[in-house]
Amino acid sequence: MKNSYSIFDIVGPIMIGPSSSHTAGANRIAGFARKIGGKGYTKAEFYLHGSFAKTYRGHGTDRALVGGVLGFGPDDERIVDSFKYASEEGLTYTFLPTDLGDVHPNTVKIVLTYPDHTFSLTGCSIGGGNIKIININGNNVEFYGKNPTIICTYPEQKGMIAFISNALYDEGYNIHSMKTIQNEDEVMLIVELDEKLNEDLQKKISKGKNFGFFKYLD
């Protein structure tokens with residue numbers, strides 16, 4: 001069977017740091033925490049598992065994570081001084097080596113603290129700068145951040161998946177994958193698309209139903 005690897009999967013990303021797994025991947029996970037959780041947090045806690053816990057200082061994982069929650073990408077030279085920028089923005093942060101269980105050795109749980117709530121995201125750096133998000137706010141998920149994605153939560157109700165699917169179909173969008181995560185009183189839905197969602201349709205979907213949380217990542 002022919003492998004479908006691209007040159008970017010093999011060589012890895014353009015990045016600041018000595019290791020694509022420990023810097024670029026860690027930075028991307030933190031960047032997704034910022035994108036999904038939203039801005040406005042004043043504290044970030046990084047629970048480091050496996051090799052992340054053992055080598056985060058030497059490999060620059062700590063600076064890459066702080067840079068990620070500040071909005072710096074893997075190739076942003078400001079990552080080197082991310083601690084300084086965090087101090088200037090009034091962002092406090094802590095690194096907490098821990099055991100997150102049976103997960104990839106390069107895994108971090110990020111908890112962002114806002115004035116009125118917290119947000120958590122757990123992700124794994126799986127090599128070459130690639131990542132897998134495995135948990136959002138206590139919901140076990142699985143997506144890789146390579147496709148435009150809708151992430152939303154809503155109270156259990158009929159017709160929600162049909163509403164989103166029909167709205168996308170009517171505008172000619174193809175759904176790459178769709179997954180629901182059922183909790184006691186809430187459903188999380190993750191919809192990955194084959195192309196970017198236009199702003200008008202994004203607004204139409206987000207305002208069309210009673211979402212507890214709605215985020216679009218392009």
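This is a predicted model: local features need pLDDT of at least 70, side-chain atom pairs count only at pLDDT 80 or more; totals for chains, interfaces and linings use all residues.
Gly208 is partly exposed, at 38% relative accessibility, and belongs to helix α7, residues 199-208.

The open sheet has 4 strands in the order β8-β9-β7-β10, with antiparallel pairing. On average, neighbouring strands here are turned by 10° against each other, direction ignored.

Ile150 is found opposite Val191 in β9.

Two cysteines come next. Select Cys152, which counts as buried because its relative accessibility is 0%, under the 20% limit. Cys124 is also buried, at 2%. Searching the whole structure for disulfides gives 0.

Move on to the aromatic rings. Select Phe46, Tyr56, Phe83, Tyr93 and Phe95, which form one aromatic cluster. The structure has 10 aromatic pairs in total. Start with Phe83 and Tyr93: the ring centres are 5.2 Å apart and the planes stand at 25°, so this pair is stacked. Phe83 sits in helix α5 (residues 82-89) and Tyr93 in strand β2 (residues 92-97), so the contact ties together parts 10 residues apart in sequence. Phe83 is partly exposed at 22% relative accessibility, and Tyr93 is partly exposed at 26%.

With ring centres 6.3 Å apart and planes at 50°, the pair of Phe83 and Phe95 is tilted. This pair links helix α5 to strand β2, parts that are 12 residues apart in sequence. Phe95 is buried, with a relative accessible area of 18%.

Finish with two lysines placed over rings. Select Lys84 and Tyr85: the charged end of Lys84 sits over the ring of Tyr85, 4.7 Å from its centre. Then select Lys35 and Phe32, where Lys35 lies over the ring face of Phe32 at 5.1 Å from the ring centre.

Terms used
Residues are numbered from 1 along each chain as its sequence is written. Side-chain values use heavy atoms; hydrogens and water are left out. Two strands pair if DSSP finds at least two bridges between them. Helices (H or I, at least four residues) and strands (E, at least two) are DSSP runs, numbered from the N terminus. Axes are lines fitted to C-alpha atoms, for helices over the stretch in contact, and angles run from 0 to 180 degrees between N-to-C directions. A disulfide is a pair of cysteine sulfur atoms within 2.5 Å. Buried means under 20% relative accessible area, exposed over 50%, partly exposed in between (1.4 Å probe, protein chains only). Rings of Phe, Tyr and Trp (its six-membered ring) pair if their centres lie within 6.5 Å; planes under 30 degrees apart count as stacked, over 60 as edge-to-face and the rest as tilted. A charge sits over a ring if NZ of Lys or CZ of Arg is within 6 Å of the ring centre and within 35 degrees of the ring normal.
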